[in-house]
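Take a moment with the sequence and the model. The paragraphs below then walk through them step by step.

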Amino acid sequence: MLEKPKRLINNSNQAYFTAAGAFALVAVCLVFYQVNGFAIPCLWHYITGWHCPGCGATRMLIALLHGDFYQALHYNALLLVLLPFGIFLFGDAIYHRIKGGKNVLDRIPEWAWVVLVIVMLIYAVMRNLEAFSFLAPTEL
């Protein structure tokens with residue numbers, strides 16, 4: 001009987017590669033912004049002229065790296081509020097991928113994801129209305 005071939009990358013190594021890849025992608029985007037002075041353009045904004053829920057995210061991360069929390073809030077308030085949760089969920093997923101067991105993502109009910117999508121859609125619409133123009137990504 002044939003023996004099952006060994007995987008070249010086991011679960012713990014795969015988790016490390018995933019984390020390293022995510023951090024490398026963020027680092028490349030941030031270096032690109034620092035060197036060229038402009039962020040990766042948003043295709044949605046380019047086509048429609050509307051700000052998507054993610055517009056200003058790169059500039060928000062740069063502002064956070066410079067310690068300018070207030071400016072980061074003006075670039076993208078929603079993502080700034082969600083960032084600690086995202087970091088926690090990502091770290092928890094990597095940890096449980098290595099150690100085994102159910103991570104927090106597996107225990108979040110489906111309705112919570114639906115609420116998150118609805119909040120992001122409402123935020124996307126609001127930041128494009130004149131009454132809520134303070135939500136659009138702005139320089140101070």
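**A guided walk**

Start at tyrosine 70, which lies in helix H4. Helices here (H or I, at least four residues) and strands (E, at least two) are DSSP runs, numbered from the N terminus. Tyrosine 70 counts as exposed, at 52% relative accessibility. The cut-offs are these: buried means under 20% relative accessible area, exposed over 50%, and partly exposed in between (1.4 Å probe, protein chains only). The C-alpha atoms of tyrosine 70 and methionine 60 are separated by 9.7 Å, and the two residues are 10 apart along the chain.

A word on the source. This is a predicted model, in which local features need pLDDT of at least 70 and side-chain atom pairs count only at pLDDT 80 or more, while totals for chains, interfaces and linings use all residues. Residues are numbered from 1 along each chain as its sequence is written, and side-chain values use heavy atoms, with hydrogens and water left out.

Now the overall plan. The protein has seven helices and zero strands. Read from the N terminus on, the elements run α-α-α-α-α-α-α. There are 140 residues in the protein, and buried ones make up 24% of them. The protein exposes about 10,200 Å², and carbon and sulfur atoms supply 71% of that area. Accessible areas come from the Shrake-Rupley method with a 1.4 Å probe; for residues, only the protein chains shown count as cover. Contacts (heavy atoms within 4.5 Å) come next. Among those between residues at least 6 apart in sequence, 53% join residues at least 24 apart.

Go back to methionine 60. Apart from neighbours within four places in sequence, methionine 60 is in contact with Ala72, Tyr75, Asn76, Leu79 and Leu80. The largest nonpolar core has five residues: Met60, Ala63, Ala72, Tyr75 and Leu80. Helix H3 (57-65) and helix H4 (69-75) are the elements that give two or more residues to this core. Such a core is a set of buried Ala, Val, Leu, Ile, Met, Phe, Trp, Tyr and Cys residues joined through side-chain atoms within 4.5 Å. In soluble globular proteins, nonpolar side chains tend to be buried together.

Next, the cysteines. A disulfide is a pair of cysteine sulfur atoms within 2.5 Å. A search of the whole structure finds zero disulfides. Cysteine 52 is buried, with a relative accessible area of 17%. Cysteine 55 is buried too, at 6%.

Move to histidine 51, in the loop between H2 and H3. Is histidine 51 buried or exposed? It counts as buried, at 18% relative accessibility. Leaving aside neighbours within four places in sequence, its contacts include Trp44, His45, Ala124 and Pro137.

Tryptophan 44 lies in helix H2 (residues 43-48) and is partly exposed, with a relative accessible area of 47%. Together with Trp50, Val125 and Leu129, Trp44 forms a nonpolar surface patch of about 410 Å² accessible area.

End at isoleucine 108, in the loop between helix H6 (104-107) and helix H7 (110-126). Isoleucine 108 is partly exposed, at 25% relative accessible area. Beyond neighbours within four places in sequence, isoleucine 108 is in contact with Leu89 and Trp113.

Methods
Patches are made of residues with over 30% relative accessible area and no salt bridge: like charges are joined within 9 Å, nonpolar side chains (Val, Leu, Ile, Met, Phe, Trp, Tyr) within 5 Å. A salt bridge is a side-chain nitrogen of Lys or Arg within 4 Å of a carboxyl oxygen of Asp or Glu.
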